[in-house]
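Please examine the model displayed below.

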Amino acid sequence: MSLATNLIDPTLIPQNSGPPHALFDDWRANDPVHWNPPSESYDCPMPNASLRQGFWVLTRHQDVIDVSRNQALFSSHEGSAVIWDFEPKQLAEQQAGLMAMKPADHLAVKRLVMPSFAPTELDRFRPEIDRVARAIIDSIAGNGSCEFVFDVASRLPVHTFCKLLGVPDELRETVFKLGNETADTERTDRQQGAIPAMYQLFVIAQQLAEEKRKHPDDSMMSRLVHGEVDGEKIDEVNLQMFFVTLSIAGHETTRSTAAHFVRLMNEHPDQYELLRSDVDAHLPNAVEEVLRHSPPVVKFRRTVMEDTEIGGRKVAKGDKIYLSYPAANRDPAVFEDPHRFDITRRNASRHLAFGSGAHFCLGARLARYQLTALLKEMVARIPDIRPDGEMEMLKSIWFNAIIRMPVAFTPESRSG
């Protein structure tokens with residue numbers, strides 16, 4: 001197999017301007033549980049980690065769901081939810097995070113933080129989300145142009161994430177910057193000897209946890225600090241990894257989806273015209289279709305716990321499973337004419353952009369509302385927004401993310 005068809009090539013998504021769907025179509029039709037070998041060319045960017053072991057790639061929607069929902073047979077804890085192969089110390093760090101905890105611990109921690117994502121809590125928070133969405137568009141509407149990803153798309157989810165966790169306003173930009181650096185795992189220009197962004201986030205998490213111990217409030221971090229799992233307080237490593245996970249997941253999906261929304265509406269003007277004909281009626285399903293068509297998270301991993309089969313393919317204990325969300329979201333067995341972008345698609349919400357099973361995204365409801373609030377404000381006030389210049393995508397085996405997208409639009413009148 002050439003590197004051009006190996007999913008651990010971090011240039012694959014930028015080269016294809018998104019996931020390699022022609023490749024996924026071929027695999028799904030002819031080899032739906034596909035063996036992806038390790039690559040000698042891949043230089044793992046994380047210390048004490050490698051990709052010495054290949055993995056099975058799942059491209060069918062039902063296979064991804066079946067594996068995601070069977071933690072006993074396909075573990076997110078054993079080996080972690082990350083495709084890399086870790087040395088013991090680094091593996092323990094990964095397993096302390098929300099995505100890779102033991103199932104019982106994962107459930108207990110979810111119960112502690114779920115109140116922050118409950119419908120009643122979201123209803124209470126909606127006026128603040130709407131206010132910030134207006135302020136973001138206020139800041140750029142009169143200019144006629146901006147860099148969309150960081151001037152617009154990133155600001156609302158970062159604000160929301162920091163408010164929910166109880167991060168002080170003066171640390172918001174720092175957490176945002178470090179979260180982006182942690183997600184950008186494939187960067188090669190990091191300063192030698194610099195403290196990794198993840199460990200800088202650990203320090204902030206430790207300081208924040210100590211503050212919440214002294215001054216409890218209704219923030220998510222305070223609930224974690226004062227909560228218990230199996231009668232014991234959550235330890236520092238778990239708190240730190242939870243903070244790191246949310247510093248990435250708390251804005252990555254929303255930011256990337258907003259950017260893909262602008263891109264897709266520009267590429268499909270008929271769909272944008274339909275959306276604008278009745279924004280209230282069409283926007284919620286349009287958001288689902290963007291998530292289906294261009295999911296921001298490319299994959300997670302599971303590890304096989306005993307010899308078994310997936311879709312008729314024998315897999316062995318210890319094998320790694322690659323859950324391909326972009327491939328599952330274009331499965332013609334589920335989505336008619338799956339490569340077509342259609343904001344009226346009746347089953348668009350069956351996408352797996354937020355995962356499935358026990359690790360379905362905690363913040364999915366919140367992300368949907370943030371996107372709706374921001375995009376509705378944008379379409380109403382700068383409706384002719386369009387890409388204007390070269391778009392840059394993240395070099396990554398993890399994310400289908402636009403990291404730079406200059407846009408132009410007719411400036412909103414400043415009078416009145």
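Axes are lines fitted to C-alpha atoms, for helices over the stretch in contact, and angles between N-to-C directions run from 0 to 180 degrees. Helices (H or I, at least four residues) and strands (E, at least two) are DSSP runs numbered from the N terminus. The model is predicted, with local features requiring pLDDT of at least 70 and side-chain atom pairs counting only at pLDDT 80 or more, while totals for chains, interfaces and linings use all residues. Residues are numbered from 1 along each chain as its sequence is written, and side-chain values use heavy atoms, with hydrogens and water left out.

In these terms, helix H14 (residues 279–293) packs with helix H16 (residues 364–381) at an angle of about 130°, their axes being 10 Å apart. H14 is therefore oblique to H16, given that angles under 35 degrees count as roughly parallel, over 145 as roughly antiparallel, 65 to 115 as roughly perpendicular and the rest as oblique. From H14, the contact (heavy atoms within 4.5 Å) draws on Val-279, Asp-280, Leu-283, Val-287 and Glu-288, and from H16 on Arg-368, Leu-371, Thr-372, Leu-375, Lys-376 and Val-379. Sorted by class, the contact of H14 with H16 comprises six nonpolar, one polar and four charged residues; Ala, Val, Leu, Ile, Met, Phe, Trp, Tyr, Cys and Pro count as nonpolar, Asp, Glu, Lys and Arg as charged, and the others, Gly among them, as polar.

In soluble globular proteins, nonpolar side chains tend to be buried together. A nonpolar core is here a set of buried Ala, Val, Leu, Ile, Met, Phe, Trp, Tyr and Cys residues joined through side-chain atoms within 4.5 Å; buried means under 20% relative accessible area, exposed over 50% and partly exposed in between (1.4 Å probe, protein chains only). The largest such core has 132 residues, and those with the most contacts inside it are Trp-84, Phe-148, Phe-243, Phe-261, Ile-321 and Met-378. Helix H12 (residues 236–267) gives the most to this core, with 13 residues.

Thr-253 also lies in helix H12. Its relative accessibility is 10%, so Thr-253 counts as buried. Apart from neighbours within four places in sequence, Thr-253 is in contact with Leu-291, Pro-296, Val-297 and Phe-354.

Glu-121, in helix H6 (residues 119–141), is buried, with a relative accessible area of 17%. By contrast, Gln-15 of helix H1 (residues 12–16) counts as exposed because its relative accessibility is 57%. Gln-15 and Met-393 are 378 residues apart in sequence, yet 9.1 Å apart in space, C-alpha to C-alpha.
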